[in-house]
Amino acid sequence: MSLIQSEVVEDGTMRFYMLKLVQEYAQEQLRRTGKEATYRWRHVEYVTRLVERAITPGSRHEWIEPEQPNLRAALHWAYEQRKARAGLRLVAACGAYWIRRGQMREGDLWLSKILELDSQVAKEDKAPTSVRLAALYCAGRIARHLGQPERSAAIAREALLLGKRTDEQVGMSNALALLGHLAQARDNLEEAASYFEQSYQCARLGGTGDDGVVLQE
């Protein structure tokens, strides 16, 4: 039996896997070199960039599908090492993918854990405000899809306050758009229209263009 397994995935790409026993042995040897952290962080950065490329307009979310074991390993490592900056960047990128694939529970778990971690770490270890706002927007959308409108609204208001404090127009636009969708679901169309108008104005100020991209759900 070969120590390396191969598989052709849907897009025709050939992927290779180590047998679990070989993988465990390789990990143990890596730990002994004292360089595990270096290579783990390279792995986190690789996975993050892959996900960020996959969610850009015109790309295919399916690229992420075969990388889910890598994605989870990267998230576990960032969380265990209390690296909120790297972890939040990754979950913010994964949000749209989790929603599209219907992986709401997994997305909700990771977003909640790493948002909480980001609120606990020292200032110099926190993620940039724009990244936290993106993660909050994903968390609010997922809460809405899970049938938790009150929690979704609370997350959106937290994001809106943070956006106002830091003058992050795109983050404010996303939060207002989410509040608009929640009001629309309650049949409060006047309130929804007000939120959507404010969202659109913030989007214009934030440079997202005239098409209101942030209003898409």
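A crossing of two helices is called left-handed if the near helix is turned anticlockwise from the far one by less than a right angle, and right-handed if clockwise. The structure above is a predicted model, in which local features need pLDDT of at least 70 and side-chain atom pairs count only at pLDDT 80 or more, while totals for chains, interfaces and linings use all residues. Residues are numbered from 1 along each chain as its sequence is written, and side-chain values use heavy atoms, with hydrogens and water left out.

The protein has nine helices and two strands, where helices (H or I, at least four residues) and strands (E, at least two) are DSSP runs numbered from the N terminus. Of its 217 residues, 40% count as buried, that is, under 20% relative accessible area with a 1.4 Å probe and protein chains only.

With α6, helix α5 makes a left-handed crossing. The axes of the two helices come within 10 Å and cross at roughly 145°, the axes being lines fitted to C-alpha atoms over the stretch in contact, with angles from 0 to 180 degrees between N-to-C directions. Among the residues that meet here are L111 and L115 of α5 and L136 and I142 of α6, contact meaning heavy atoms within 4.5 Å.

How values were computed. Buried < 20%, exposed > 50% of the residue type's maximum accessible area, 1.4 Å probe, protein only.
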